[in-house]
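Subject: Structure handover

Hello,

Please find the structure below.

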Amino acid sequence: IQVKRRLDYQPPAFSIPKISLTFELADQVTTVRSTLSVEKFDDSPLILDGTDLELAAIMVDGTPWQDYSVDEQHLTLRQLPRRCEIAVHTRLYPEKNTALEGLYQSGGSYCTQCEAEGFRRITYFPDRPDVLASYTVRIEADKTRYPNLLSNGNCVERGELEEGRHYVVWHDPFNKPCYLFALVAGQFDVLRGNYTTSSGREVQLEFYVDEGNLHKAEFALQSLQRAMRWDEDVYGLEYDLDVYMVVAVDFFNMGAMENKGLNVFNAKYVLADADSATDTDYFNIESIIAHEYFHNWTGNRVTCRDWFQLSLKEGLTVFRDQQFSADMSSPALCRVQQAKVIREQQFAEDASPMAHPIRPDEVIEMNNFYTVTVYDKGAEVIRMLFKMLGKDGFRKGMDKYFSRHDGQAVTCDDFVQAMADANHRDLTLFKRWYSQSGTPQVSIEQRYDPERKKLYLDISQHTPATMDQASKRPLLIPIEISALDEEGHPVLLDSRKSLVLELEQKQQSYVLSCEQPFALNVLRDFSAPIKLRFSQTAQQRLHIALYSDDGFSRVDAMQGLYQEAMIRCANESSGQWDSNRAQSLIDAQRVLLNSDETDLALLAEMLSLPSFETLMQLEERIDVDALMRARDGLEPLLACANEPLWLRRFESIPQTDYQYEPLQVAARKLKNHCLLQMMNANPQQYAEACKAQYQQANNMTDTLGALKAAQNTSETLFDELMQQFEQRWHHAPTVMDKWFALHAGAKRKDILSRIDLLQDHAVFSWKNPNRVRALVGTFGFYNPHGLYAEDGSGVRWLTEQLIQIDKINPQVSARLVTPLLSLTKLDDKRQLQWRHELMRLADQPTLSVDLSEKVHKALN
Ligand code: HT7
Ligand code: ZN
């Protein structure tokens, strides 16, 4: 096992200005003929990467070459002239490729996935992002079975071959790293659209989907058109090729891939209609379509020098897709969801053996670093820059970044430098966010002097050690703050409605002039990815929830209230509620339910408890049983206390013709939360309402709303509705994923035997990552009752599945092992169970590098 280190980076000793590839696709075996034009800078041997390739021939400048050696990972060529043309022929077996990396089969089609290091599974090549080449690709295949032969760039030639075969040649005019190479061959229906850029370039937009699915790609096509317009309006960035293709495939390890001019997508992020897709599905499609499109500039035109710089393209592109989604839907709701991801998943990663900075220093398997830290914390780091530099300053920095680095492979430092230079600001201190892992804890103490009308704030920061880094330094943390008076009106702070304090030291004091504040609204807009300690009364929190002009803060204030009560209940009375303890929460919910709040989505968020997974991140050690009791007990208690109000709200929202638009989305969100609370309060009384919603639903959000309301409140109703769902959707595997997930997330005693049975379901397949994530992933990530079962049966079950999955697809097993890694918070008994299972994994004779990297980190 080989550790790669960021500081060991060496520039390549050669360039490869051109590569031409010919693929002969045939049953069982595919032949790849590659011709590289090489320019060497010194006399060292040429080392090319290659994994699991069958080498057939090597020629240099037209003659067979003997001075070479091959091992499992490389082809090394010696004594080459400084300039030469190297031809290498290899054979591949895509039908046997279940890891879905390199060239593989999805359904009846061929497709590729090269990021991060999959190109080396296709041909021998320097598989690193700083080698940029011009690609010409010829694909040959049977014409009837594979009428569509696609690769990057423009189609330059096509024709017929003998024996019913045909060929197509593609040329990409932009130099690119090999991770952006793509090939697709299959038989698709094509949804066509177009787009005219602001400078007048006509772009053909083509969506390749399985036959019969054309109508389901309309929303994705419109999303792409919106994203193209948005990037021109907001960043002045235009598309640069004549065609933009998107292919939807069923077998895919992640969400989508931004290959130049030829995106490959997990079909679940392309296909949607009201019957089968939820509001969340529509949201995800729009944002992932935009994300991959935005990569054309942030990732493709300017790419990464090495994989340690992954956040250069991913953090920045996530930030851009978040900005886009906010402009297309509800900015406040978007921000609430983004903060949830950070608090629930990223904080967990920072507290785990996989803790790493957004720019990691050491990597064993690169696929393990497509993480919520690199992506989402990376986006938060960009957002902090945006907050500090302002909209115009940030845009100036982006313009400088593109004008300096278009066509290059660069580093995170290059990006920050462009921002610094464009704004004449020293960002040296800010750069620590790139090198330091862990979650800063910020404490704020306040004191108000009514005579001087001064507010004194003492702010301190501390980042606890993480498993990868023992010592931490202070960071530059922007903390946005405002204040409200007793009536809920804004109070000026230093004559401003809100301020961004830039905390730089371990401890800093601020004096702000201000008139009698009643409640301080700190960390507005989740202005930094930190844990905040700031004590406030229940009354102050409710005040912020009712009157703040920042949607995130309103929800956050309520979350703080619930969190504090649940943690106290878990710690002080082992999770048992008495009527006093919950009273302030009941009162607060009553006020909210009776309010004339118009943002129904925010109202739903303010009325929802933090997830168990978020609560897990609040303390160093957790009494899982007490915390689970506290959360489980609070939900029905709150439901019963305000039962008539939940019902009234539920009845106030009528069903309308379905449209995916913000007001309807918000109304459905609140309605379904109310239905859940009604079922929590009195499942017998509301079973009919729940069933009626299921049966009358004209959209998947309401269908799932009914199922989720029954899931943990009425086993009989849940089973009845789930049976109906199966009958209606058994022909549609992506829809059935919702059904598998509902089963796997259910809180019931016989959960393990249930999900064992489901593995024999006709629709389930171990080879399809979406199916496996729906069943095994949902259990591991979102079924705490099952996973933390006292007798250890939950972790044992998960371990057994991982052993099986790892043999098929290491990327999937390495993702699904995540819940097994976080053991340090648990009690001693569970830590022993967890360790035992991790050791069982470590002892497997054929554990993948992916899984082994994580398992060994957890055991150390
Ligand atoms: N840039 C893409 C990453 C990706 C990927 C990475 C490893 C293995 C499979 C993968 N599929 C896609 C996705 C993105 O961030 O846009
Ligand atoms: Zn991305």
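Two strands pair if DSSP finds at least two bridges between them. Strands (E, at least two residues) and helices (H or I, at least four) are DSSP runs, numbered from the N terminus. This is a predicted model, in which local features need pLDDT of at least 70 and side-chain atom pairs count only at pLDDT 80 or more, while totals for chains, interfaces and linings use all residues. Residues are numbered from 1 along each chain as its sequence is written, and chains are lettered from A and ligands numbered from 1 in the order in which they are written.

The sheet

An open sheet of 8 strands has mixed pairing, and its strand order is β6-β5-β9-β3-β2-β12-β15-β14. The edge strands are β6 (63-64) and β14 (154-160); each has a single partner strand, so one side of each has no neighbour in the sheet. Strand β5 (residues 54-60) runs antiparallel to β6, and 2 bridges join them. Within that pair, M59 has P64 of β6 as its bridge partner.

The hairpin

Strand β10 (residues 102-106) pairs with strand β11 (residues 109-113) in the antiparallel sense, over 5 bridges. Q105 is bridged to Y110 in β11. The two strands β10 and β11 form a hairpin with 2 residues between them, and G107 in the turn has a positive phi of about 60°. A residue is called buried if 20 or more other C-beta atoms lie within 10 Å of its own, exposed if 12 or fewer do, and partly exposed in between, with C-beta atoms placed from the backbone. Is strand β10 largely enclosed, or largely open? Strand β10 is largely enclosed by the rest of the structure, because 4 of its 5 residues are buried.

Backbone exceptions

Most residues other than glycine have a negative phi, and most peptide bonds are trans. Q28 is not a glycine, yet its phi is positive, at about 70°. Q28 sits in the loop between β2 (14-25) and β3 (30-40), and it is exposed because it has 9 other C-beta atoms within 10 Å. S495, also a residue other than glycine, has a positive phi near 65°. The loop between β28 (490-491) and β29 (499-503) holds S495, which is exposed, with 9 other C-beta atoms within 10 Å. The peptide bond from E115 to A116 is cis, with omega near 0°. A116 belongs to the loop between β11 and β12 (133-142).

Around ligand 1

A residue counts as near a molecule if its C-beta atom, placed from the backbone, lies within 6 Å of it. Which residues come nearest to ligand 1? Of the 15 residues around ligand 1, they are E115, N253, M254, M257 and Y370. By class, the shell has 5 nonpolar, 6 polar and 4 charged residues. In this scheme Ala, Val, Leu, Ile, Met, Phe, Trp, Tyr, Cys and Pro are nonpolar, Asp, Glu, Lys and Arg are charged, and the others, Gly among them, are polar.

Domains

The chain is divided into domain 1 (4-187), domain 2 (303-435), domain 3 (442-531) and domain 4 (730-860), with bounds that come from an automatic or database domain assignment. Domain 1 and domain 2 each give at least three residues to the shell around ligand 1. The centres of domain 3 and domain 4, taken over C-alpha atoms, are separated by 41 Å.

UniProt, in an unreviewed entry, lists "domain: Peptidase M1 alanyl aminopeptidase Ig-like fold" at residues 438-533. UniProt positions are in the numbering used here, feature names are shortened, and annotations may be inferred rather than shown by experiment. Residues 438-533 are 0% helix and 49% strand, with the end C-alpha atoms 16 Å apart. For residues 539-860, the unreviewed UniProt entry gives "domain: Peptidase M1 alanyl aminopeptidase C-terminal". That span, 539-860, is 73% helix and 0% strand, and its end C-alpha atoms lie 46 Å apart.

One helix residue

R343 lies in helix α4 (residues 331-350). R343 is buried because it has 23 other C-beta atoms within 10 Å. Leaving out residues up to four places away in sequence, R343 touches T614 and Q617; contact here means C-beta atoms, placed from the backbone, within 7 Å.

Regards

How values were computed
Contact = placed C-beta atoms within 7 Å.
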